[in-house]
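This report is written for a reader who meets the structure for the first time. Please look over the sequence and the model before reading on.

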Amino acid sequence: MPGNSAVPGNSLVARSRLLLHVRMLTHVAPGLSAIAGTLAILRSAAVIVAMISSGRLVGALSVTRVEPARAWQWLAVCSISFVLGAVFSAISRGVEELISARYLSGYQDLLLDTAVTPNTVERLQSDAGATALDQAAGALQHWLFLRGVGGVWGMIAHRVAGFGALIIVAGWRWWIGLPLLAGWLVMSRASARWRSIVFDDTEQKAVPLRHRADYLSRLLAGRSAAKEIRLFGLADWLLGSYRELWRTAMRMVAGRRGDGARRMALPMLVLLLLNAIAFAVLITDAAHDRVSVASLTILVQAVLGMSALGRQDDDETSTGRTATELSRLVAFRSTLGLPFPVCAAERPIPVRASGAARIEIRGLRFGYPGGAPVLDGVDLVVEPGECLAVVGVNGAGKSTLLSLICGLWRPDAGTITIDGRDPITDPAVRQRIAPIFQSFLRLPLSAADNITAGNAWRSGTSWQQAAAISGADQVIAELPAGAATPLSGQFTGGTELSGGQWQRVALARAIAAIDAGAGILALDEPSAALDVRAEVALFDSVLRHRDRTTTLLITHRLSSVRYADRIVVLGSPDEDGGARVIEHGRHDELIGLNGRYAEMFRLQASRFGQVTR
Amino acid sequence: MKLIRALRLLVSTSVRIAPASSIGCLAETAGVIVSLLNSWMLAVLVAAAARGDVDRMILAAVVLVGQIAVSRVLFLVGMNARMNQLEIVGQEFAGRIAYITATLPTLEPLDDPKYLDQLHILKEQQGALGMAVNTLLNQLNSLVGVICVLTLATAADPRMLFVAAASLPTVLAGPVVARWQARTEAASAEPGRLAQALLGLGIAPAHAGEFRVFGLAGPLRARQAAASRAWRAPMLGLAIKESTLTAATQVVFFGAAAVVIGWMVHDALAGTVGIAAITLSILLVTRLQNVSSEMRAIIGQAASMSRTAGRYLWLVELADRLAVDRPTELTPSGSGLRLSGVCYRYPGADHDAVRSVSLELTPGTVLAVVGENGAGKSTLAELIAGIRTPTSGRVVCAGIDQAAVDPSAWRQQVSAAFQDHVRFEFLVSETVGIGDLPASADSDLVLQAVRAGAAEGVVAAVPRGLDTQLGSAWPDGVDLSGGQWQRLAIARSMMRRTPLVRVLDEPTAALDALTEHQLFDRYAEAARTGRVSGTITILVTHRFSTVAAADLVIVLDHGRIVEQGAHDQLIAANGRYAELYNLQARGYRPTTEPEETIS
């Protein structure tokens, strides 16, 4: 995962992350987690019992006066513990798979909730927010994260087995058991740090190089650049740059890994010493008959078995990674004021209104965070039922204005109200808008679902009426399974629609929203990618139904705005600075004004050989 | 056999690229062998203790302790080497795969449904071959471990081989479980894709508005959760079946082990089997159990490894098969562009996208290609650019037949800006300069192209001019608007100063009035200089405003030329062209009838 600099140097932090991870596990699968945890403990118990009974068996066979009954007894216990341990392992593997699947579903839900629940998008689309979401989504593709989801159970089993061994050793000589424990814990930290370096892109200088290399390889292998690569012959150049970047990155990373490995030398020496002491004492005791052969067998296995306490294997590393990613997402959520664990999905709030809405904007000033003001001093009132066209040059802030009306961003100054209520604080009034954006939502669901999305899939919504008005019924009639056809080639029975066909579906969606109570039809550059006929059909449909709603039409192609009731021109009076309403009125008035609008119109119309006065 | 080819590919590439690390990886294998001394020395120690042989006990203890250290060091070194190796090899293969895909002569394989799945997997799993190397090394370690364990066990007591044999059911259960897993994967693939797709849409910044305004936040989560549940559903059955089968095979194994050990205990009680042997045997039981699961893993991974490597080899073979061996020398023997009966059908389609198009253009002509969406305009542009090969018919330019020369040589003589152009996130000078790679280092030439493409405004708008990094994902990178990207794409197409043909596809789709106007001026100028230098300019558009600059217009409908002529001729003819033109132009005409609907 890119830019992941979470080296578990601080074990307290690591522990709290692990606890969060366990909370998540118990939240998504409480019963199964209890079973998995119990099985993990039982597995380790079986291992300990097997260790003890095998020692006793050997002991029973090596005494001078062998008692066959005891030998058979211990063989029976040993066999049963082996069998039980194996059966518990088999069952727990299945349980763990089920828990992991639920965890992944839960994680996806957490991420989705984070992205769609906050009212405004400032924090989500800031640099930090976008990175957080990207990383959380990227984790789902990363094998280390996926591996770590179910790693905690193995960790539990190993730690319990290790503690069992510790108890056995400490029961013999506590002053050997406890230092060994300390030695293995230190070794565990050093191991974890080294493994983190190995699996991590902590080499800060190498990270951007790798990103760049990945970008180049995606360009080369992908479909999007295929034409230009062949046309301009770019393959060799791209490959050369890719190799260069990657080689440089690897050199940095390999160096750091070597350093990390060398730093394990000291803990290893210490452990070696402690083990040597343990064995020396053990042998002395055995030589002086202070421990029996049975105990010797058990104790040697236990001393070696304490390594389970210092174990840092794929289970541990991957679990650490998963826990880190989860805690990062949870921390981001808390900056947004969202709880963990996530609440159940709410039912959509009903839109308790109908009919055309009134929009009032006063003294609006807004700039994206870290940028210059895009809008500065916009005053606008849109009466119910009015059809208003908003025009201006590219980048003038027309789309931004719509985002603000939708309540996505908080204005720096000024107010926006729909029917007198603020869309930011009042989510219900937000639903009074029925938008068709330039790149509108194409859901990989059925055609019917795409349309009824306009009414948030409330039960009882019918798509037929909206489809008939928008012309989408013709599109649906041609689909293999009618309205139930998935509108994505990725799914069986699914089909891809053309731009014009999708346009009709999007319009049907907006009309469904209007039927459900929306009062503003907002069109943002709706015809940018359409051919002539589709564009004409779209505007005809829109104009036919304008009395039911207020219509906002944002465009830079002036051929379509002439039939609006009113036109406002957004622009800045000087060259920089935020935009505001610089001209407004009907088409003829604006042409007569001979200002910005007239100039733009003349430019566009001149190509058709028709120049208006 | 596929597996052997896979092994040979992985090992030879691995050794050739990083010989030192390759050897370092073997340290891990050595570590596996050393760690097995564990059990052996323990048995020796216990037996020596039973006999009271202190010297032997000390020796065994020393070896035990030493083994701990040595095996740890070997593992450390080996794992370090393995992680480096898997990345080095992975990246090398990723680069090769990407390069081979990018240098397949034409676009057809990338669109052919026959190849799509494979190509998609290759693209998605570019690091898979690196992981295959990792798997190979793990398998080697497992195999060596298995052999050592079996050797040790047999040395302890030949009857242990029965125990080893009792692990066969576990091995045999492997393919059965693999089949179940594949079936489960197939059943959960689609719901899983849907869950992913819905999640992706929910996170995308572009759709944040729609989800909130339509009140879809909660319902989307519910839908996504339902898809996720459907994804999970087949896993319950799999988990139960897999657990039961595994438990059963384990019971068989440990039951057999109990019987064999019991037999040995009987002999030990009778005095014919020593303490060392029986201790070692008991300690090796768990290792022997792992033998079976490791053998299963080896076999299972071998299959996936040869599948992964096989995909790469398939790509190499495909590239060889599709390679064209035609002359790269161009010998012009005429002038102008001629298309004779050019037809094109997309792979797997049931009708032609371009039907028998014939055209003759003299050098310096400016041609406008109009038509509705799906009429075949962009396909025609790609055919002329030599990125697609006509299924029948000939494309001849300056007397050179496209089918008779190497595709890359043909493309050198063409320049284009496509409708779905790529937003190359390089420096501005590179993004424009790659239009003519050899000339891209010369900033004067790049600036000329920028001017020709009406993109000076873009260069002026970014903080560091030509040296600005594009794409906000990169440090110091900036984002551009759709219109700015398009102007850079057009500037890129202007880098080749005098191509035989220049194709500009839908160049003004997302520009505002002022920029459209400026661009239009530049086209007119480029067309004029083109007339001087002999470049044929082809403008593909459905915006009729651009058509005014052209000498000749062709109207495409369902891949066929239905009208052809100069603008005024076609208007007078009152056919399809006139109808479409008037539809668009009516918005700009003065009229007292605000509502006009099409019939």
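The sections below treat the chains, their interface, and some local features in turn.

## Basis and overall form

The structure is a predicted model. Chain B contains 22 helices and 12 strands. Its C-alpha atoms occupy a box of roughly 115 × 55 × 50 Å along the principal axes. The radius of gyration of chain B is 35 Å, whereas a compact globule of 599 residues would have one near 25 Å.

## The two domains of chain A

Chain A is divided into domain 1, covering residues 12-335, and domain 2, covering residues 359-608. The contact between them draws on 5 residues of domain 1 of chain A and 7 residues of domain 2 of chain A. The centres of these two domains, taken over C-alpha atoms, are separated by 52 Å.

Together, domain 1 and domain 2 of chain A bury about 600 Å² between them, with 53% of that area on carbon and sulfur atoms. Three residues, A:Asn119, A:Thr120 and A:Glu122, supply 75% of the area that domain 1 of chain A buries against domain 2 of chain A, more than any other three residues. Across this interface of the two domains there are 0 salt bridges, but 4 residue pairs are in polar contact, both residues being at pLDDT 80 or more. On the side of domain 1 of chain A that touches domain 2 of chain A, the residues comprise 1 nonpolar, 3 polar and 1 charged.

## The interface of chain A and chain B

How many residues of each chain take part in the contact between chain A and chain B? There are 155 residues of chain A in contact with 157 residues of chain B. The two chains bury about 14,500 Å² between them, and 67% of this lies on carbon and sulfur atoms.

Across the interface of chain A and chain B, 10 salt bridges are found. One of the salt bridges joins B:Arg492 to A:Glu228, with their closest N and O atoms 3.5 Å apart. The interface of chain A and chain B also holds 29 residue pairs in polar contact, both residues being at pLDDT 80 or more. Helix 3 of chain A, residues 68-116, gives the most to the side of chain A that touches chain B, with 25 residues. By class, that side of chain A has 98 nonpolar, 30 polar and 27 charged residues.

## A salt bridge within chain A

Over all chains, a search of the whole structure finds 40 salt bridges. A:Arg147 and A:Asp315 form a salt bridge in which the closest N and O atoms are 3.0 Å apart.

## Backbone features in two loops

Which peptide bond is cis? The bond from A:Phe340 to A:Pro341 is cis, with omega near -5°. A:Pro341 is found in the loop between helix 14 (314-335) and strand 1 (359-367) of chain A.

A:Asp289 has a phi near 55°, a positive value in a residue other than glycine. The loop that holds A:Asp289 runs between helix 12 (265-287) and helix 13 (293-305) of chain A.

Terms used: Residues numbered from 1 in each chain as written. Chains lettered and ligands numbered in written order. Predicted model: local features only at pLDDT ≥ 70, side-chain atom pairs only at ≥ 80, totals over all residues. Heavy atoms only, no water. Domains from an automatic or database assignment. Contact = heavy atoms within 4.5 Å. Buried area = accessible area lost by both parts, 1.4 Å probe. Salt bridge = Lys/Arg side-chain N within 4 Å of Asp/Glu carboxyl O. Polar contact = N/O pair within 3.5 Å; in protein donor to acceptor, adjacent residues only side chain to side chain. Nonpolar A, V, L, I, M, F, W, Y, C, P; charged D, E, K, R; others polar. Helix = DSSP H or I, 4+ residues; strand = E, 2+ residues; numbered from the N terminus. Rg over C-alpha atoms; globule rule 2.2 N^0.38 Å.
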